[in-house]
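Here are my notes on the model you sent over.

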Amino acid sequence: MKAGLQTQALRYVAVITAIATITAIDFRLHVNHTTVALMFLVSVLLASAYWGLRYALVLAVGATAAFNFFFLPPVGTFTIADPQNWVALFAFLITALVASNLAEKARSEAEGAKQRRREVERLYGLSQRLLASENVLELLNALPLYVQETFSVSSVAVMAADHSSIYRTSLEAKFDETVLRSTLLRGEPITQAGISYVPLRLGMRTVGALAVTGDELSRETLDALGSLAGLAIERARALEALSKHRAEQEHERLRSALLDSVTHEFRTPLTAIKAGVTTLLSGATLDDPGRRELLTVIDEETDRLNRLVGEASEMAQLDAGQFKLDLQPYSIHDALKLALQDAKASLEHHPVEVAVPGGLPKVPMDQQRIREVLMHLLENAGKYSDPGLPIKVSSEVKDNRLVTSIADRGPGIDSFEQSLIFEKFYRGHHQRYAAPGTGMGLSIAKVIVEAHGGTIGVVSQLGSGSVFSFSLPLDKNSQAAVATQSPQ
């Protein structure tokens, strides 16, 4: 306030100084009356264009008085002898007043245009921030702050038609909740006690209401703000519905994949069991080797069924987080030895090379779970590699982690599918019919490894095979032992 008064005083001093300066120069140089009038008129126009009408009026009246006193005969008095000079004096005064009024209008229009341009720029910036939100609750929480920061207002409150809560820039923000709800219900803007209440519209439908205080925003800007916020809320709501629809579609796809996979995998052993039992019950004459072969098939397929049911049950438990790890320091050798026995049937036609140094530190692990991870990786390598191709198992310490890798020379995995094969029930397009499986093994392995605080991944190239690797973090004692064994 004080700074504004000082600015006004300085401008009035500048107006008086301008009158005195022009008068002194023209009086000394003995210029003609027309030149004096034009110089005064230019100063009036400049004052009106840059400072406003009131300064121009003071300058016009002061210039008229100076013109009369110093340049119209008789000089030195405010008396005018020649009637023509009266006409000239009034013409100058009217011209100065009209010109200053026109300049003031032009200046006001220019200021209005600048203000509208600034508001459009602010609306554009606000739209960019609003359209980045894809969640309705997140948007409603952020909207008051976005509006406050964009338009430099004191406080903002917003509410949506389907949310009873009112979201504010701060707890101190004061609004009439009744008026805000009335704006939402009636869909009409209201200004009350210096607060602007604006409906958030989407076409003819009102989706919310906004209250703004602390700045004089134009009605056009408030209407645009209401439409923009309403559009952003409806967009976020539509994106949520789309995401929900896609999630439902994905759930249905996974359910269909599960049913298809489980049906196929259960039907194969059931068919073999049914055929064997039917043959035995038919009373057909079978020698001992034939009967033993049928019983062996029934036994193996029963084990296979039991394993399928076990994997499905385990996957459900892992998804629900209903499992605990029994972490004890074990050597990777111990888990690998057991896993090789578990995967023996899948590896019987492959030479297996184990390159695991004897001095590796023990790792805190649930041995049975890591044994299961290794078994799944070894079985995959055996199932998807042609008979006779080698499989290599290696392990080493990297960056305070024990990294174990299983490499095969199978057909490889497409780069697009490498990010999908660890998802539940997913099987590669080229492998899903090449070998039996449910697509749960790698998913189970991933959950177990991540529960240990480790990571699992694959590096593969079509036609050159794949390398599946998982890492387990070492404890502090193991890290110290590794540091001691490292060369200095």
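1. Helices (H or I, at least four residues) and strands (E, at least two) are DSSP runs, numbered from the N terminus.

2. Some housekeeping: this is a predicted model, with local features needing pLDDT of at least 70 and side-chain atom pairs counting only at pLDDT 80 or more, while totals for chains, interfaces and linings use all residues. Residues are numbered from 1 along each chain as its sequence is written, and side-chain values use heavy atoms, with hydrogens and water left out.

3. The overall picture. The protein chain has 13 helices and 12 strands. Of its 488 residues, 38% count as buried, where buried means under 20% relative accessible area, exposed over 50%, and partly exposed in between (1.4 Å probe, protein chains only). Taking contacts (heavy atoms within 4.5 Å) with a separation of 6 or more, residues 24 or more positions apart account for 65% of them.

4. Back to the charged pairs: the structure holds nine salt bridges. Arg168 and Glu177 make one of them, at 2.9 Å, N to O. Arg168 counts as partly exposed because its relative accessibility is 28%, and Glu177 is partly exposed too, at 36%. For Asp342 from point 1, the figure is 33%, which means partly exposed again.

5. Now a pair inside one helix. Glu372 and Arg369 form a salt bridge at 3.9 Å, N to O. They are three residues apart in helix α11, so about one helical turn separates them. Glu372 is buried, with a relative accessible area of 15%, and Arg369 also counts as buried, at 17%. Elsewhere, salt bridges that share partners join Arg205, Glu234 and Arg237 into one network.

6. Which residues touch the most other members of the largest nonpolar core? They are Ile332, Ile370, Leu374, Leu378, Ile406, Phe468 and Phe470, out of 36 residues in that core. A nonpolar core is a set of buried Ala, Val, Leu, Ile, Met, Phe, Trp, Tyr and Cys residues joined through side-chain atoms within 4.5 Å. Elements giving two or more residues to this core include α9, β10 (401–407) and β12 (465–473), but α11 gives the most, with seven. Leaving aside neighbours within four places in sequence, Leu374 is in contact with Ile332, Ala335, Leu336, Ala339, Thr404, Ile406 and Phe470. Apart from this core lies another, of 29 residues, among them Leu143, Tyr146, Leu210 and Leu225. As background, nonpolar side chains tend to be buried together in soluble globular proteins.

7. On the α11 side, the contact includes Arg369, Ile370 and Glu372, and on the α12 side, Leu442, Ile444 and Ala445 are among the residues involved.

8. Two buried serines deserve a click. Ser48, in helix α2 (residues 33–50), has a relative accessible area of 0%, so it is buried. Its C-alpha atom is 5.7 Å from that of Ala103, 55 residues apart along the chain. Ser155 lies in strand β1 (residues 155–160) and counts as buried at 8%. Beyond four places in sequence, Ser155 touches Gln148, Thr169, Ala173, Phe175, Ala211, Val212 and Thr213.

9. Last, two backbone spots to check. Ser152 has a positive phi, near 55°, in a residue other than glycine; Ser152 lies in the loop between α5 (136–151) and β1 and is exposed, at 54%. Asn400 has a positive phi as well, near 60°. Asn400 is in the loop between β9 and β10 and counts as partly exposed, at 42%.

Notes
Salt bridge = Lys/Arg side-chain N within 4 Å of Asp/Glu carboxyl O.
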